[in-house]
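Here's a quick briefing to read alongside the model. Have a look at the sequence and the 3D view, then work through the notes below.

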Amino acid sequence: MPELEKTPVEGGGVIPALEALDLTLSWDGGEHIVARGISLWVNNGEIVCMVGKSGCGKTTILHALSGLTKPLEGKVLLRGEDFTGRPGSVSYMLQKDLLIPSKRIIDNVCLPLVIKGTSKREAHKFAAMLFERFGLGGTERLWPSQLSGGMRQRAAFLRTYLQGNNVALLDEPFSALDAITRVDMRSWYCEMARSLQMASVVITHDVDEAVTMADRIYVLKGTPSAGVPTTIAGEICVQRDEAMAAGNVTDFSLTPEFVSYKRQVLDLLEDDEVR
Amino acid sequence: MATNRLSEPSRTRQIAVPTATVAILLVVWELVVRMGFVPNFLLPSPTQVVSALVTDVQLLASHAGTTILEAVLGLAIGVAVGFVAAVLMDRFETIYLAFDPLITISQTIPTVAIAPLLVLWFGYGLAPKVILIVLTTFFPVAVSLVSGFRSVDPDMIDLMRTMGASDLQIFTQVKLPAALDQFFSGLRISATYAIVGAVISEWLGGFNGLGVYMTRVRKSFAYDRMFAVIILISLLSLLLMKLVDLLERVCMPWKHVEGK
């Protein structure tokens with residue numbers, strides 16, 4: 001098992017792109033604790049997965065990381081600066097692509113820029129340069145209903161990227177896709193996120209997805225609905241050789257290393273129902 | 001292997017079947033009157049109705065102009081009032097809780113019962129007619145808009161907030177376009193209410209309009225003219241609905257593209 005490196009700031013002097021410090025989260029202002037002691041970080045170009053069974057509070061943690069909700073205790077730092085409870089600084093992407101049906105793809109993609117005050121014309125000009133790179137060439141003037149599930153997800157990812165700050169929070173982003181498209185999209189996402197040096201926190205209940213995509217995996221354990229707050233049961237560093245790291249996640253999933261990492265995650269989830 | 005799956009009827013079939021049904025009904029109606037099964041003074045034949053329509057076309061056009069003016073004015077104000085009411089109800093929960101039951105109750109009051117009161121309060125001019133149309137048309141618009149605003153996926157609102165969107169941006173970029181579909185359904189209903197509302201208000205007092213004309217021909221037992229004006233009212237309602245459809249096509253181009 002690779003050695004864990006929990007605090008890159010110490011010694012290395014690296015400030016993580018996003019860092020959560022000892023978060024305590026609640027659904028109802030304090031009476032019902034969902035998660036406790038959540039500390040995690042993610043660097044530029046790194047993909048971090050949070051794995052846990054359904055209902056363990058993964059989305060609640062992601063909401064706190066995005067600033068949509070305020071934790072009872074703890075802080076969220078964006079490149080070292082406290083932005084706890086302040087939405088609008090990091091990108092957020094959900095399993096639903098959430099493209100607005102009444103906007104053409106280019107307008108959907110440009111939405112974060114337009115909201116921040118960029119003129120529509122400037123935003124179009126900037127985004128148009130990225131369409132080819134994101135595999136969306138020729139779709140600029142189409143409506144969302146004219147795109148396939150995979151293409152819509154690419155458009156949603158380009159919109160996420162344009163939200164800025166190069167930090168993306170992804171809530172089961174590929175779970176609504178069919179199995180074949182999902183595998184393609186995972187590979188594509190890993191390649192894009194690493195080449196754009198984007199810091200990604202992905203939540204999933206799919207252990208295979210976590211092991212194929214992540215550089216590090218945080219395993220979450222707990223049943224908040226039964227009064228057991230979720231905590232981080234362990235952190236696993238996934239190391240691949242260079243060819244695999246380049247984005248060929250499908251090949252990696254066929255290696256003995258993959259099975260070994262999967263075993264480690266499952267061992268940490270032991271009492272949960274993910275198996 | 002045979003399949004039980006129902007397929008969409010062809011465009012030709014969609015037009016031919018109802019056209020044939022109407023044509024058959026008209027022929028039966030014509031025959032029933034001509035063969036004397038129903039006395040002619042009680043029920044004019046379709047050809048007599050068309051003849052009355054052609055003979056009185058100028059008079060009808062003049063009365064129709066008044067009715068259309070009242071209907072369009074009332075509908076425009078009704079839509080504006082409905083829109084403002086829906087926005088306030090969506091924005092402020094207290095306003096929603098306070099006015100939702102009142103708006104529903106207001107729709108249970110029959111139009112014919114309010115019309116004489118409006119004449120009493122506002123006279124025989126344009127005002128009582130427009131007010132009556134506003135009262136009947138704002139409801140479908142307000143209800144459909146409130147429902148449309150509330151149909152927006154909460155995740156979409158969260159996503160907009162992560163982009164740093166203000167309440168106004170969330171409204172203009174997400175809520176308003178999402179409510180358009182339901183808004184046009186409501187507007188289509190309001191458009192038909194507008195013409196009918198105008199006619200009802202004219203029955204109870206006024207100097208011009210299709211309702212006034214209708215009262216006159218009824219009193220003179222000219223049932224062929226009575227039917228002629230009924231047909232004209234239906235045609236006007238259909239025309240207004242068609243205009244709403246056209247407006248919808250212009251405002252919602254994404255609804256009419258072929259999906260993947």
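Chain B has a mean pLDDT of 88, and 97% of its residues reach 70 or more; pLDDT is the predictor's confidence in each residue, from 0 to 100. This is a predicted model, so to speak of local features we need pLDDT of at least 70, and side-chain atom pairs count only at pLDDT 80 or more, while totals for chains, interfaces and linings use all residues. Residues are numbered from 1 along each chain as its sequence is written, chains are lettered from A in the order in which they are written, and side-chain values use heavy atoms, with hydrogens and water left out.

- Helices here are DSSP runs (H or I, at least four residues), as are strands (E, at least two), numbered from the N terminus.
- For chain A, the mean pLDDT is 84, with 90% of residues at 70 or more.
- Over residues 1–11 of chain A the pLDDT is below 50. Where pLDDT is low, the predicted coordinates should not be read in detail.

**Where the chains meet**

- On the chain B side 21 residues are in contact with 27 residues of chain A, contact meaning heavy atoms within 4.5 Å.
- Together the two chains bury about 2,100 Å², 65% of it on carbon and sulfur atoms. Buried area is the accessible area (1.4 Å probe) that two parts lose on being put together, summed over both.
- The rule finds 2 salt bridges across this interface; a salt bridge is a side-chain nitrogen of Lys or Arg within 4 Å of a carboxyl oxygen of Asp or Glu.
- Asp155(B) and Lys96(A) meet in a salt bridge at 2.7 Å, N to O.
- Both α7 (154–162) and α8 (167–203) of chain B supply at least two residues of the side that touches chain A. The largest share of that side, 7 residues, comes from α7(B).

**Salt bridges inside the chains**

- Over all chains, a search of the whole structure finds 21 salt bridges.
- Arg186(A) pairs with Asp206(A) in a salt bridge at 3.3 Å, N to O. Arg186(A) sits in helix α5 (residues 179–195) of chain A, 20 residues apart from Asp206(A).
- Arg186(A) counts as buried at 9% relative accessibility, whereas Asp206(A) is partly exposed at 24%. Buried means under 20% relative accessible area, exposed over 50%, and partly exposed in between (1.4 Å probe, protein chains only).
- Lys255(B) and Asp181(B) form a salt bridge, with their closest N and O atoms 2.9 Å apart. Lys255(B) lies in the segment after α10 (223–251) and Asp181(B) in helix α8 of chain B, so the pair ties together parts 74 residues apart in sequence.
- Arg188(B) meets Glu248(B) in another salt bridge, at 3.5 Å, N to O. Salt bridges that share partners join Asp181(B), Arg188(B), Asp245(B), Glu248(B) and Lys255(B) into one network.

**A buried proline**

- Pro44(B) is found in the loop between α1 (11–34) and α2 (46–55) of chain B, and counts as buried at 3% relative accessibility.
- Leaving aside neighbours within four places in sequence, Pro44(B) is in contact with residues including Trp29(B), Tyr223(B) and Phe227(B).
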